[in-house]
Amino acid sequence: MLTHRERILKTLAFERPDRVALLGGWVIDDRLQQTLAGCSEAEYWQNPQRWAVEAERALGVDGMIDLITPPAPGDYRLGLTRERFESYKERYRSPEDVLAFARSRPSADEAARAFDAKAWRETFRAEVLARQALMGDIVYLPTLWEVVHPRFEWYPEFGYENYLLFLKLYPEEADRLYASEVEVNRKKALAVLEVYRELDMVPLTLIGADITGKGGPVVSPAFLRECYFPHVRRALEPLVEAGVRTVWHSDGYIHPLVDDILACGVSGFQGFQEEYGVNIAEIARHRTVDGQKLVLFAGLSSADTLSQGSVEEVRRGIERIIDTLSGECALFILPGNNVLPDCPVENVVEMYWHAARYSRTHGWLEQ
């Protein structure tokens, strides 16, 4: 039997592993974690991180993209209250307020000169070592969205309406907002690469931003091509050139932007809200800028089958994903989004366990 690391590396090499690789880190409800880990509530709150890892271990995961524990019992929203979500109204009442913020930002060169890359690298390295120690033989695959590329999701700071109107009314200033971050993002990418090499980490990370909704891109693809994606490409360049696989997360209908995101050097995708018309088979037919098959993190949606379906529907859903993508990409099983309290624990278990069982016996990754 392969180790977790060997299974992940074989998958990334488009070789035949003994079963599909499983990823965890998105079960974020304390009660689900307790049930999966088999601990009491009292035991859990003595060391939540330990039991969050044990919950994922019970699912059989090979790697974890994150380690999320709630701040208090039942707080699966991770402290995001309505008051906190709407606090932007105290500072940003119009797109012009966002414009003023954008104009106050330092230039890319100024920001880069002020950035302490060495200190950031050491902080990142310490976090990796600490989390890997918690996870043991489970492989830690840091999620780096909007860390190694400019931030797009400014919604919490500015509010959706203020931000999107700013992008529409002031595209040149929006371009400067993204540009102000790009050299710091690039320095972070270089620091990440140094840590990956030093610690011999698996060259894989989840990045991205929610730039699409149910109906497609939240702003015009033309705007993104002119004002956002060039900065993403610049920031990611060190990781891309070094062969680190970057998987782009975005909720919503991603099809109109697939080619643009891949042109940034991205290796694949995660999200796949099929309830919005996303076609995973069609996405898998795309290739990276250097002609490779994609890396896809695919699984059942916790807004659909995982929360509302029967155990049998969960089985059929995961079988369909494996049958559709087997041999077409480097496939990793991961829920489409966070696993919340409304997901029956038996459905969560069945998605992972059946993926392992089914992939062992149904022509897994035959070329």
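## Terms and basis of the model

Angles between axes under 35 degrees count as roughly parallel, those over 145 as roughly antiparallel, those from 65 to 115 as roughly perpendicular, and the rest as oblique. The axes are lines fitted to C-alpha atoms, for helices over the stretch in contact, and the angles run from 0 to 180 degrees between N-to-C directions. Helices (H or I, at least four residues) and strands (E, at least two) are DSSP runs numbered from the N terminus.

The model is predicted, with local features requiring pLDDT of at least 70 and side-chain atom pairs counting only at pLDDT 80 or more, while totals for chains, interfaces and linings use all residues. Residues are numbered from 1 along each chain as its sequence is written, and side-chain values use heavy atoms, with hydrogens and water left out.

## Helices 16 and 17

Two packed helices are described by the angle between their axes and the distance between the axes. For helix 16 (residues 311-325) and helix 17 (residues 345-361), the axes come within 9 Å and cross at roughly 40°. Helix 16 and helix 17 are therefore oblique to each other. Helix 16 passes helix 17 in a right-handed crossing; a crossing is right-handed if the near helix is turned clockwise from the far one by less than a right angle, and left-handed if anticlockwise.

Contact means heavy atoms within 4.5 Å. On the side of helix 16, the residues that meet helix 17 include Val-311, Ile-318 and Ile-322; among their partners in helix 17 are Met-351, His-354 and Tyr-358. The residues of this contact between helix 16 and helix 17 divide into 7 nonpolar, 3 polar and 6 charged. In this division, Ala, Val, Leu, Ile, Met, Phe, Trp, Tyr, Cys and Pro count as nonpolar, Asp, Glu, Lys and Arg as charged, and the others, Gly among them, as polar.

## Helices 2 and 4

The axes of helix 2 (residues 30-37) and helix 4 (residues 48-59) cross at roughly 60° and come within 8 Å. Helix 2 and helix 4 are therefore oblique to each other, and helix 2 passes helix 4 in a left-handed crossing. Helix 2 contributes Gln-33, Leu-36 and Ala-37 to the contact, while the residues from helix 4 include Trp-51, Glu-54 and Leu-59. By class, the contact of helix 2 with helix 4 has 7 nonpolar, 1 polar and 1 charged residues.

## Helices 6 and 10

Helix 6 (residues 95-104) and helix 10 (residues 160-169) have axes that come within 8 Å and cross at roughly 70°. Helix 6 and helix 10 are therefore roughly perpendicular to each other. Pro-95, Glu-96, Val-98, Leu-99 and Ala-102 in helix 6 meet Asn-162, Leu-165, Phe-166 and Leu-169 in helix 10.

## Loop residues with positive phi

Glu-146 is not a glycine, yet has a positive phi of about 55°. Glu-146 lies in the loop between strand 3 (139-140) and helix 9. Phe-272, also not a glycine, has a positive phi of about 50°, and Phe-272 is placed in the loop between strand 8 (268-270) and helix 14 (280-284).
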